[in-house]
Amino acid sequence: MPPAPLLDVNNIEVIYHPYILVLKGISIRVERNTITAVLGPNGAGKTTLLKAVSGLVRLERGRVTKGSIMFDGERIDTREPEEVSRRGIVYVAEGRRIFRELTVEENIEAVAYAWNTDDTDIVYKYFPRLKAKRKIRAGYLSGGEQQMLAIGLALLAKPKLLLLDEPSLGLAPRAVSELYQNITQLYREEKLTILLAEQNARKALEIADYGYILENGRIVLEGPAEKLREDKDVKEFYLGGARREKGGYRTVKWYRRKKRWV
Ligand SMILES: Nc1ncnc2c1ncn2[C@@H]1O[C@H](COP(=O)(O)OP(=O)(O)OP(=O)(O)O)[C@@H](O)[C@H]1O
Ligand SMILES: [Mg+2]
């Protein structure tokens, strides 16, 4: 029998209070030491999936109402978020949650204190750009640097599974490239497992091993990243190549209707 995946999300349904059904039977597997991408448009349910895994849906009056989530062989969908994070699942939210009024160094100290660790060099090791900025208030950093800090702070928790929610959001292409290089190096050297939600499918599929495409609360396509990169519909709808060649809104609409998984 193959070894159990680190994370096994089995046919979950998530409902936000009172009856907003957002995830409609989602199954994903995240193997150890891999990067797994969850792709999809606005409102598809990517964030909800990551919050279901980390237990944070509960804080938004959401519930996993069907299915189960197994982490490292144990069921976690019934646990409180603190307990889930103690087991090694760390969620880096959309929108760069950092202490904007504190310097880079103070951010690191505060979070290291909370996680009871002295091992703070890891942040500068993988995000060397932050070292030169350590005395600067985080609010004054560039978007890319803020995202680096947010991920760096998550490392202080010594995650077994890192959940990254749209790290590229709102960043210039060069900043995205640098950030993704840092993430790749971090992943390789620390032997991390990463679940990455992105609208930027091109970038995510460059570094991912396996990907899922989520639309309207359902998985519509999944496969190894190299297969998805070559898939005609993925190219058309998520990698944006063919659309530009064919041009024109009418053409796009026609293609939309022809999407094979609808
Ligand atoms: N706390 C909440 N209460 C009710 N509905 C919510 C809540 N959070 C999200 N939703 C709804 O759930 C759906 C999925 O949202 P979600 O944020 O998971 O999507 P997403 O794929 O992360 O989108 P984006 O790319 O914009 O971040 C949306 O229709 C959204 O309006
Ligand atoms: Mg989101």
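# Questions on a predicted model

User: In which helix does Glu83 lie?
Analyst: This is a predicted model, in which local features need pLDDT of at least 70 and side-chain atom pairs count only at pLDDT 80 or more, while totals for chains, interfaces and linings use all residues. Residues are numbered from 1 along each chain as its sequence is written, chains are lettered from A and ligands numbered from 1 in the order in which they are written, and side-chain values use heavy atoms, with hydrogens and water left out. Helices (H or I, at least four residues) and strands (E, at least two) are DSSP runs, numbered from the N terminus. On that basis, the helix that holds Glu83, spanning residues 81-86, is α2.

User: Is Glu83 buried, partly exposed or exposed?
Analyst: Buried means under 20% relative accessible area and exposed over 50%, with partly exposed in between (1.4 Å probe, protein chains only). Because its relative accessibility is 25%, Glu83 counts as partly exposed.

User: With which side chain does the side chain of Glu83 make a polar contact?
Analyst: A polar contact is a pair of N or O atoms within 3.5 Å; within protein, one must be able to donate a hydrogen and the other to accept it, and residues adjacent in sequence count only if both atoms are side-chain atoms. At 3.2 Å, the partner of Glu83 is Arg79.

User: Which protein residues are the donors of the magnesium ion, ligand 2?
Analyst: Donors are N, O and S atoms within 2.8 Å of the metal (3.2 Å for Na, K and Ca), and sites may look incomplete because water is not among the atoms. Lying 1.9 to 2.5 Å from the ion, the donors are Thr47 (OG1) and Glu94 (OE).

User: How many residues apart in sequence are the parts that Thr47 and Glu94 tie together?
Analyst: Thr47 is buried, at 18% relative accessible area, whereas Glu94 counts as partly exposed, at 30%. Thr47 belongs to helix α1 and Glu94 to the loop between β6 (89-92) and α3 (104-115), so the parts that the pair ties together are separated in sequence by 47 residues.

User: How far from an oxygen atom of ligand 1 does a polar side-chain atom of Asn42 lie?
Analyst: Ligand 1 is surrounded by 15 residues, each with a heavy atom within 4 Å of it, and Asn42 is listed among the closest. For a polar side-chain atom of Asn42, the distance to an oxygen atom of ligand 1 is 2.6 Å.
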